[in-house]
Amino acid sequence: MKLYFCDNCQNLLYFENNVCLNCKHAVGFDSSTLSLITLLPGKENELLWFHDKKKKYRFCKNAEYGTCNWLVDADDPSEWCRACAFNRIIPTLTNGENLRRWSNIEIAKHRLIFSLLRLHLPLFVKKENEEEGLAFDFMADVSPEERVMTGHDKGTITLNIEEADEEARARHKLDLGEKYRTLLGHFRHEIGHYYWDVLIKNSSSLKKYRELFGDEQRDYAEALKTYYENGAPGNWSEHFISPYASAHSWEDWAETWAHYLHMMDTLETAYSFGIRIRPGGELGDDPGIKASIVKDPYDISEFDRIMKLWLPLSFAVNSLNRSMGHADFYPFIISPEVIRKLEFIHELCFINSRQKEEII
């Protein structure tokens, strides 16, 4: 994630801010430039960019619920921004608890969409392109017998809004023996299934995919049944990024895809802060855990360079977490086999990104 500053006073802003807490100017996210910009009031509901008053915007309709700070061009007929246009079902908002949950969901979803736009990945709204499009259904359980299952099906990502409750998410995390479980992680995993269909399914990359992730034609339902009955194999960490990734080729892809997005977004944040890892100072330097993050990871073509930045950063942040008495920020070990899978995903995304930039 990039760092953003108020155009008026240069105060540092969070990605989710809709106002500068220093000078009180309104701010909003322009998805066409991936910029958080400072705004001035215009006529009626129009908002003007601080640096160019000819550029006119309005906030996404979901701003009225406090769940979105993204902007829509003033002459755009759509009520929703680039991120909220994918919403097909949202919770019933007469329930205050649902509004709180939905707000947490939108924070994670907007960060997901930012990453997808940053990678120039194909993104189509399902209501405009049923076959290739994407839609989000955020739903609550009807009853204990009628549970909403989080998952992906033909471009529709369904999320049980219970996952927005920290207590429920922590309970599921313990029940399933997971080391990492977040709303953003759910989105990144499920969107991985979507991009398997978009980038792999009928492409020339399918052969290489099968060499790395296995045969996706293996019975999926039976594979999951076996996994939940027997768990992951004892040597899973040699081949997979997580135990669940061992269940089936598709889950291996989705887990690894999510992990790739974790790495890229976190490294971009570290780059924006100019973070430098140099343990031991001038003496006792260990080159294996030393890094100066001086280049945006989205501009790095060689995945080996990304790994050489990621390992020192994750070691440093784990050490900071332990200093606060928390569990590791990054509770993963990346084996050589997993690195090859991550490299495959990076090559797919990097090539796609550069092709889109050439077209633009």
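Analyst: Let's start with Lys24, which sits in the loop between strand 2 (12-13) and strand 3 (26-30). Helices and strands here are DSSP runs numbered from the N terminus: a helix is H or I with at least four residues, a strand is E with at least two. This is a predicted model, so local features need pLDDT of at least 70 and side-chain atom pairs count only at pLDDT 80 or more, while totals for chains, interfaces and linings use all residues. Residues are numbered from 1 along each chain as its sequence is written, and side-chain values use heavy atoms, with hydrogens and water left out.

Back to our lysine. Lys24 counts as exposed because its relative accessibility is 57%. (Exposed means over 50% relative accessible area, buried means under 20%, and partly exposed is in between, using a 1.4 Å probe and protein chains only.) The backbone of Lys24 has a phi near 70°, a positive value in a residue that isn't glycine. Most residues other than glycine have a negative phi.

Where else does a positive phi turn up? His120 has one too, near 60°, and His120 isn't glycine either. You'll find His120 in the loop between helix 1 and strand 9 (135-139). His120 is partly exposed, as its relative accessible area is 22%.

Helix 1 (residues 96-118) packs with helix 3 (residues 183-200) at an angle of about 45°, their axes being 9 Å apart. That angle makes helix 1 oblique to helix 3. The axes are lines fitted to C-alpha atoms, for helices over the stretch in contact, and the angles run from 0 to 180 degrees between N-to-C directions. As for the labels, under 35 degrees counts as roughly parallel, over 145 as roughly antiparallel, 65 to 115 as roughly perpendicular, and the rest as oblique.

Who's touching whom? On the helix 1 side there are Asn104, Ile105, Ala108, Lys109, Arg111, Leu112, Ser115 and Leu116, and they meet Leu183, Leu184, Phe187, Arg188, Ile191 and Tyr195 of helix 3. Sorted by class, this contact of helix 1 with helix 3 has nine nonpolar, two polar and three charged residues. Contact, by the way, means heavy atoms within 4.5 Å. For the classes, Ala, Val, Leu, Ile, Met, Phe, Trp, Tyr, Cys and Pro count as nonpolar, Asp, Glu, Lys and Arg as charged, and the others, Gly among them, as polar.

Helix 1 has another partner. Its axis and that of helix 6 (residues 249-273) come within 11 Å and cross at roughly 85°. So helix 1 is roughly perpendicular to helix 6. Arg111, Leu112, Phe114, Ser115 and Arg118 of helix 1 make this contact with Leu261, Asp265 and Glu268 of helix 6.

Asn98 is buried, with 9% relative accessible area, and leaving aside neighbours within four places in sequence, it contacts Pro91, Thr92 and Ile161.

Now for some other buried spots. Asn62 lies in the loop between strand 6 (52-59) and strand 7 (71-73). Its relative accessible area of 5% makes Asn62 buried. Not counting residues up to four places away in sequence, Asn62 touches Thr67, Cys68, Trp80, Cys84, Asn87 and Trp102. Ala63, found in the loop between strand 6 and strand 7, is partly exposed at 26% relative accessibility.

Since cysteines have come up, how many disulfides does the whole structure have? The search finds zero, where a disulfide is a pair of cysteine sulfur atoms within 2.5 Å. The cysteine sulfur closest to that of Cys60 belongs to Cys84, and at 3.8 Å it is too far for a bond. Cys60 is buried, at 2% relative accessibility, and Cys84 is buried with a relative accessible area of 2%.

Last stop: Thr156 in strand 11 (residues 156-160). Thr156 counts as buried at 9% relative accessibility. Beyond its neighbours within four places in sequence, Thr156 is in contact with Arg88, Lys126, Ala135, Asp137 and Gly151.
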